[in-house]
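Look at the sequence and the structure together. Keep both in view as you read.

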Amino acid sequence: MTTTYAAVDELGADEPRARFHDLVAAEWIKLRSLRSTWIAYGATALAVIAFNAGTAYDTYNYWPERSAADRADFVRAGIPLQEAFTANAVMVMMLALGAIGAVAILGEYSTGTIRTTFAAVPARRSVMAAKTVVVTAVSTVFGAIVAGASFGLTQAILDGRDAGLSIGYPGALRVVAASALLAPVCALTGMAIGSVIRHTSATMVASVVAILVLPMVFTDGRHWSAVAGHATLYQAWSRLVEVGSPRTDFPWTTGGAWTVYAVWALTTAVLAVTSAQRRDQ
Amino acid sequence: MIEVNELTKRYGSTTAVKDLTFTVRPGQVTGFLGPNGAGKSTTLRMVLGLHEPTSGSVIVGGRSFRDRPRGLRHVGSLLDAHDVHGGRSAIAQLSALARSNRIPQRRVEEVLREVGLAEAARRRISGFSLGMKQRLGIASALLGDPPVLLFDEPLNGLDPEGVRWVRDLFRRLAAEGRTVFVSSHLMSEMEHTADQLIVIGRGELIAAESLAEFSARGTRQSVTVSTPASAVLRDLLAAEGATIHTAGDLLAVTGVTAVRIGEIAMEHRIPLHHLSARSSSLEEAFMELTADSVQYLAGDPQ
């Protein structure tokens with residue numbers, strides 16, 4: 001047998017420097033090459049926009065039945081902004097984005113792809129950080145499109161009754177921004193839970209609890225309960241889209257609500273990035 | 001070069017791998033043999049840093065694999081052909097891997113051609129047969145042109161042409177001076193592929209030697225004899241210390257060489273219709289060696 005040790009000794013020696021943005025590009029290839037990614041994002045976008053536009057259309061449709069005083073109060077009470085992104089639509093979006101974020105990592109664990117991934121890139125934290133960057137970026141774009149389209153469409157429908165608002169109206173931009181940014185925060189939450197639990201069904205249950213159940217459980221009845229509730233994403237979003245004076249015994253600022261967003265985003269990102277480091281794959 | 005040093009892995013109370021020490025050298029195909037559940041896959045996962053050893057270490061090319069930021073240019077591996085997402089195309093799967101390691105896209109086309117998947121490159125992997133998935137896994141392993149290659153049961157699901165292609169590929173990779181480490185639970189697969197063998201059972205090392213040395217273990221020769229005077233020959237052979245099994249007209253004799261049987265027959269003027277010696281096969285040597293360590297034995301009373 002002829003051997004060429006010398007040549008093989010040089011293999012791997014001229015390795016180019018490892019760059020983080022190559023990992024981001026690789027994760028982007030992985031995400032975009034799955035048809036299910038586009039179906040999930042597309043279906044969610046349609047559902048959310050349809051919920052919002054449907055509510056606005058209902059208002060438009062039954063406008064003639066409103067009294068003159070009611071019509072005058074409609075804009076003053078900020079109701080066009082409530083219809084720009086409704087509570088129903090936000091629930092759908094939160095649950096869907098939580099699931100999409102979870103699937104971004106569970107798709108690797110459930111198929112075993114994670115082993116192929118980590119055998120190619122042993123720097124696990126870098127892989128997970130790249131995946132976090134891609135999921136965050138894509139869901140932010142998704143949120144911006146859905147919130148922007150919802151605002152434009154609902155206000156255009158309400159304009160048919162001269163009740164639509166422009167984006168320059170006080171609080172309008174905050175409604176769009178709070179709704180748009182909720183998408184990446186929920187996707188990160190799903191991804192973090194998926195990275196820690198690593199099993200599909202348990203992750204989905206935990207994700208629903210974190211996103212949907214907790215904000216329902218903690219009500220404004222007691223101070224501690226109100227504070228716990230304020231720490232949930234749904235209640236933070238509700239505070240941010242609130243127009244006029246808050247109707248609660250335990251009022252809080254929009255700054256506090258933005259902080260809740262930031263804390264969730266950071267905590268879940270750290271969990272997603274670090275959870276794979278020490279565990280057997 | 002892969003250096004496995006006193007490697008132990010426990011999962012709770014189960015010991016999957018125990019005090020395993022061996023070296024896999026470059027320039028040869030090394031077979032990694034053991035019955036199902038012997039700890040082969042666990043060992044390979046520890047080589048790749050996917051599982052953390054309870055104690056001991058694995059050094060690949062002078063370093064622990066986990067310490068490298070990118071792996072494909074150092075170790076190419078195929079652990080399980082199913083470790084891919086069925087929703088992706090072969091080309092997307094390989095492109096993502098290549099990009100993560102800064103390997104140019106043209107290398108993806110090259111390896112796809114090399115494994116014969118160029119035509120199927122854009123099809124979703126979920127529609128691939130096991131053999132095609134094995135080829136895709138081999139393509140992933142080759143992407144980084146690495147000096148060390150690991151394959152866990154790569155022949156499963158391949159057609160005869162595929163098996164021959166894989167064998168030739170392994171021989172070629174080894175001839176180029178690479179370290180090629182291939183696991184299997186079938187001796188017959190390794191017989192025509194491996195130069196060296198590492199045999200384990202129940203997580204422990206049973207043998208680490210060349211294929212030639214291993215086959216020399218199959219020393220028990222069995223001789224088949226046929227004669228009209230079988231009762232007479234039987235007694236004579238038994239007196240020589242042989243063990244004899246009767247199967248119809250044939251006698252299966254162990255413990256005496258064919259030459260000696262011929263001599264005895266001639267001395268006593270016994271006509272022989274048939275006399276043939278048979279070395280036990282590598283498969284038998286393997287079975288014999290691992291008999292004590294088979295974990296999941298069919299028909300084993302609980």
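## Ground rules

This is a predicted model: local features need pLDDT of at least 70, side-chain atom pairs count only at pLDDT 80 or more, and totals for chains, interfaces and linings use all residues. Residues are numbered from 1 along each chain as its sequence is written, while chains are lettered from A and ligands numbered from 1 in the order in which they are written.

## The nonpolar cores

A nonpolar core is a set of buried Ala, Val, Leu, Ile, Met, Phe, Trp, Tyr and Cys residues joined through C-beta atoms within 7 Å. A residue is buried if 20 or more other C-beta atoms lie within 10 Å of its own, exposed if 12 or fewer, and partly exposed in between; C-beta atoms are placed from the backbone. The largest core here has 144 residues. A:M93, A:L182, A:L233, B:L94 and B:A139 have the most contacts inside it. Helix α9 of chain A (residues 172-197) gives the most to this core, with 15 residues. Helices (H or I, at least four residues) and strands (E, at least two) are DSSP runs, numbered from the N terminus. A second, separate core has 9 residues, including B:V223 and B:L251.

Two residues are in contact if their C-beta atoms, placed from the backbone, lie within 7 Å. Leaving aside neighbours within four places in sequence, B:A139 is in contact with B:L94, B:V111, B:L112, B:E114, B:V115 and B:L117. B:A90 sits in helix α2 of chain B. B:A90 counts as buried because 26 other C-beta atoms lie within 10 Å. Beyond residues up to four places away in sequence, B:A90 touches several residues, among them B:L112, B:L117 and B:L136.

## Where the chains meet

How many residues of chain B are in contact with chain A? The number is 42, and they are in contact with 37 residues of chain A. Helix α2 of chain B (residues 90-100) gives the most to this side of chain B, with 6 residues. By class, that side has 14 nonpolar, 15 polar and 13 charged residues. Ala, Val, Leu, Ile, Met, Phe, Trp, Tyr, Cys and Pro count as nonpolar, Asp, Glu, Lys and Arg as charged, and the others, Gly among them, as polar.

## A covered strand

Strand β8 of chain B (residues 196-201) is mostly covered, with 6 of its 6 residues buried. In a regular strand the side chains alternate between the two faces of the sheet. Both faces of β8(B) are covered: B:Q196, B:I198 and B:I200 are buried on one side, and B:L197, B:V199 and B:G201 on the other.

Two strands pair if DSSP finds at least two bridges between them. Strand β3 of chain B (residues 29-33) runs parallel to β8(B), joined by 4 bridges. There, B:F32 stands opposite B:I198. Strand β9 of chain B (residues 204-210) pairs with β8(B) in the antiparallel sense over 6 bridges. In β9(B), B:A208 is the bridge partner of B:I198. The β8(B)-β9(B) hairpin has 2 residues between the strands, and B:R202 takes a positive phi near 50°.

## A three-stranded sheet

Chain B also has an open sheet of 3 strands in the order β2-β1-β4, with antiparallel pairing. β2 (14-24) and β4 (55-60) are the edge strands, each pairing on one side only. Strand β1 (residues 2-11) pairs with β2(B) over 7 bridges. B:V4 stands opposite B:F22 in β2(B).
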